[in-house]
Amino acid sequence: MSLKDAGSLTCPENVASYTLHIYPQLSAESASCCRVTATKDTTTADVIKDVVGCLSLDISKHYVLVEVKESGGEEWVLDGNDSPVHRVLLWPRRAQDVHPQQDGYYFLLQERNADGTIKYVHVQLHSEEEEEQDGARRLVERGFLPWQQEDFNDLCNLPNLTETILLENLKRRFLKQKIYTYVGSILIAINPFKFLPIYNPKYVQMYENHQLGKLEPHIFAIADVAYHTMLKKRINQCIVISGESGSGKTQSTNFLIHCLTALSQKGYASGVERTILGAGPVLEAFGNAKTAHNNNSSRFGKFIQVNYLENGIVRGAVVEKYLLEKSRLVSREKNERNYHVFYYLLLGVSAEERKEFHLKQPEDYFYLNQHNLKIEDGEDLQHDFERLKQAMEMVGFLPATKKQIFSVLSAILYLGNITYKKRAAGRDEGLEVGPPEVLDILSELLKVKREILVEVLTKRKTVTVNDKLILPYSLSEAITARDSMAKSLYSALFDWIVLRINHALLNKKDMEESVTCLSIGVLDIFGFEDFKTNSFEQFCINYANEQLQYYFNQHIFKLEQEEYQSEGISWHNIDYTDNVACIHLISKKPTGLFYLLDEESNFPHATSETLLAKFKQQHEDNRFFIGTPVLEPAFIIQHFAGKVKYQIKDFREKNMDYMRPDIVALLRGSDSAYVRELIGMDPVAVFRWATLRAAIRAMAVFAEAGRQRAQKTAGVVRHGPRIPLGELQQANTPIERVYRCSVLDFSFDCSEDFDINAFEDIIASYESKKKSRGTKQKQIIPKNLLDSKSLKLIVSMTLHDRTTKSLLHLHKKKKPPSISAQFQTSLNKLLETLGRAEPFFIRCIRSNSEKRELLFDERLVLQQLRYTGMLETVRIRQSGYSAKFNFKDFIDQFQVILPKNAEASKEEICALLTKLQLDTSSYQIGKTKVFMKEVARQVLQDTLHKEVIRKIIVLQSWLRMVLDRRRFLRTQQAVLTLQACWHSYRVRRALERKNAAVYIQSVWRGYRQQKSFQQHRQKICLFQALARGYLQRKRFHQMIADKKREEEEKQHLLVEENGLSQPEEPISEGSVTPEPEGKLDQRLELQVEDSDGTENEEGGKQSPRPSQKSSREKRESRRQRGLEHNELQNKHVAFPFEDPHEGDLPCKVAKEDGSWRLLTAAPQAQNAKRAQLGLLPTKSELSVELLPLC
């Protein structure tokens, strides 16, 4: 990762940008590296979006960014809101600038399935070395290579069971980096002091839902079996991890927690799972330290109980701690360190924080530099501090909370730098305390008065019957008081951290609704210890290991063999080392060492010598208690792991090492609400008082803000709108800042800066998230706000091991319980919890005492195998019966391979086992139970699995047949429906075509008949017209002839009347030439007019005569005949037709008033002539009415 210029285009606001190297793992082929520029505010979702765009990937698929550490040994799936740059800053310095894959620290882009699981391209089940070993094994089988002894992954399969063979098998596997070996269901884990790449999520997926023993032994297999056993049997499970210090118990616990959370969310951790994973580094920083045997030794015991719903989803978790080693804070052996958090803090803080907390270098503190401190891993400690702060954020600690914690840690370190010296001889006896600057800094950090602090460090209060005395400390007593204050403060801080972690892990729905939950508990407790100087802490730790060994023996040996005998099966008892006598030596009433210690601790004048003398007096005849010479202040106890010598010095003081009342009174008077909360005896009461006090202070703050605002706005009329809340939050004036800080965080009260200032962190966090994440916002209200109901529940679960904090009260005569009594109570509670669950055991073995990588020290390993009883464990697992079923459970579980309606009887079960041809030595049937060895159980389980698979296949075939049958019937019905529809459609179409053809034919025939009829009618009409024309013309000619005769008669009459003597020439018919019709009509008309005119003239000249009357009558008759002729002409139409045989005659047919009419146009000349003669109408067309055609 390379740092670019601050003014780059991608970072316009002077924000440092970094280059991330992303390696896509989306196919079997190796893809090239993709480089993406990002800032500290860039989220994982933004980086994925840039990589998808850069590589042109399918945007419809879902991708995740995976952080890989230690060459794939640890993989972490980043959440969408995580910052990859922050993760890179936690890597070693060499991997930050450029992080290629060969350095072991890089990012992978992988595809995520719809169900949330990671789509791994290739899970390599066998390494290249294993492939080479397979090839070598085949060569051995063919005789080309000498036979080599095979290593067994389960010690129960060893052909000969001796210590030498068992040790050689473990060594052979260890040198092949196979650190895990089974003993039935028990796992042996040998610490290689090297991180092996076998713990990433691919291995979780590999071992998921597999039977134990099917794959290579692994700690993930134990977690998977416990998880699925819990879901199957609905019984709580527990995993007990035991071993001596340096055997890898803490790391094994981390792997188990990772696997259990991954099984819950299929490799994608979020919510409670992320909080569980974040709690581990916080507890390790404050409770682990570097010892001579282990670089990360747990100096306290913890039991992590992960709660699940019945569907396997994580519901919550609880962390219980046991016996923090407080003495390590003030003194240690050579080559050992104090708790990790002090070195993280001193080497990892920024310059501003160093100035704020008055921090120096580690060698400047007495509590850290007692044996020429040498820190060679300073750079790694700086990165560990960054990891610690990130883990604290995951748990829910606000930045202000972290500042308070670091301030208390600095105060504890400064307590060690307080020195004493005796005052000069005189009446004023006592001690002078200094240096002054240390006292000033200490009083500033703890917010206490300097005078009271000095008084507490130099004087003590003694309560008598009648009075209270204040006495000065001696030099040794003052140093003890100083150290007691430091230990009490650190112990209270550790209790508070555990309390807050439990609150973060608590699911508040559990208090509101009753939900059935299952659990898996993981016990990581301090290992067996035997140092050069062993004190009270080692005594308690080894007693806890004695109890765990007894628990192991009970489940593996005692209860097992007693059950065999009660069931009446043939069995030869196997001897084992029973440590119950050693436990009775330490804890049995009334002469147990713990009870003798409590008695001596209550005596005012008792000493370590009197305590040792009482021990020897009571147990000199006990074979587990070995006395020492008189001059040596020590005693020896024969533990299950060997003899351990304990120095009796400070046993009494450490047993009563609870907070001194004067120290409690001092810290309760602190101005820091956080310090007061640490020292509070009842966290619920402290919370309630803090709530009330914060509410009152909030009211005071608001009232003061109102007064200040009233003074500012007095007499001012506001014309503009109200100021937005965002602008008010950005204001920097003191009163506005106080107003902004007045929202509560009930986790503590930060009264140093303002009355309540926790909201500043919320606002700052919200603003930064708002700038970096765009529309997607995180919850503004922090998730660590307490309430009294949840606090009561948490306190009830962890009250058994809280540090005792009490004040001096005259009316209280009963002292608080001793440290040993508290430890016994908490240990008994733990054993009760383990007794209610089904156990799985993991035995951790330390490979060498030098902490060298892959070094197998046979002597040390054999010693551990002996005192843990591993040989006897293998023997009882080999000859015993690890699987037990009562008859009913056997029938219920294997009813698939049993006959139908099989009864829960011995005969039915025996018949089944005989039918399967199992070896009779691998099982026995008792009175009410069936006992089977692991081999027989696996054969039975495989048979059941095959039968279930066969029946599943049958059911699948039947189901598929039914589905196919239904699908076929639906298809058949659909085909028939389609065919019916198609046939009906074709019939309709054929009928429509037929009807259309009939209709066309009918229309065509009608058309033809109509046309034929019209032709016939036209011909008839033409004939009628011609006939009528002919008749009219004939009549017309007759009329003309009649008129001529009349004219001739008239002329004759006129001649006769006038007496004209003119002879008329006879006109013969043959001499008259016929004229054209038109001309003749015209001519006749002119003659008629002339004759009329002549008659008028004559009539005008002559008087009327009788002959004239007859002329008028004639004219009237002629006019009448003319009118009749006109009427006759109007009734007839001259209809000339176009006859192809007789010439062209223009004609047309028209329909008027529902009857057809034949219209014809007469020749224009003929019409004109007829119009001149007055014989025809002037119209050019004449209509002839005909009969209708239809």
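Predicted model: local features only at pLDDT ≥ 70, side-chain atom pairs only at ≥ 80, totals over all residues.
Good morning. Strands here are DSSP runs of E with at least two residues, helices are runs of H or I with at least four, and both are numbered from the N terminus. Two strands pair if DSSP finds at least two bridges between them.

Residues are numbered from 1 along each chain as its sequence is written, and side-chain values use heavy atoms, with hydrogens and water left out.

I turn to a second sheet. Seven strands make up this open sheet, in the order S7-S8-S22-S9-S18-S12-S13, with mixed pairing. Strand S7 (180-183) and strand S13 (314-322) each have a single partner strand, so one side of each is left without a neighbour in the sheet. On average, neighbouring strands of this sheet are turned by 20° against each other, direction ignored. S7 and strand S8 (residues 186-191) run antiparallel and are joined by four bridges; there, Val183 stands opposite Ile186 in S8.

Next, strand S3. Of the eight residues in strand S3 (residues 62-69), seven are buried, that is, under 20% relative accessible area with a 1.4 Å probe, protein chains only. S3 pairs with strand S5 (residues 106-112) in the antiparallel sense over seven bridges, and Val68 has Tyr106 in S5 as its bridge partner.

Finally, how do two of the helices pack? Helix H15 (residues 475-505) and helix H22 (residues 661-668) pack at an angle of about 60°, their axes 10 Å apart. Axes are lines fitted to C-alpha atoms, for helices over the stretch in contact, and angles run from 0 to 180 degrees between N-to-C directions. In contact (heavy atoms within 4.5 Å) are Ala481, Ser484, Met485 and Leu489 of H15 with Ile663, Leu666 and Leu667 of H22. Thank you.

Conventions. Buried < 20%, exposed > 50% of the residue type's maximum accessible area, 1.4 Å probe, protein only.
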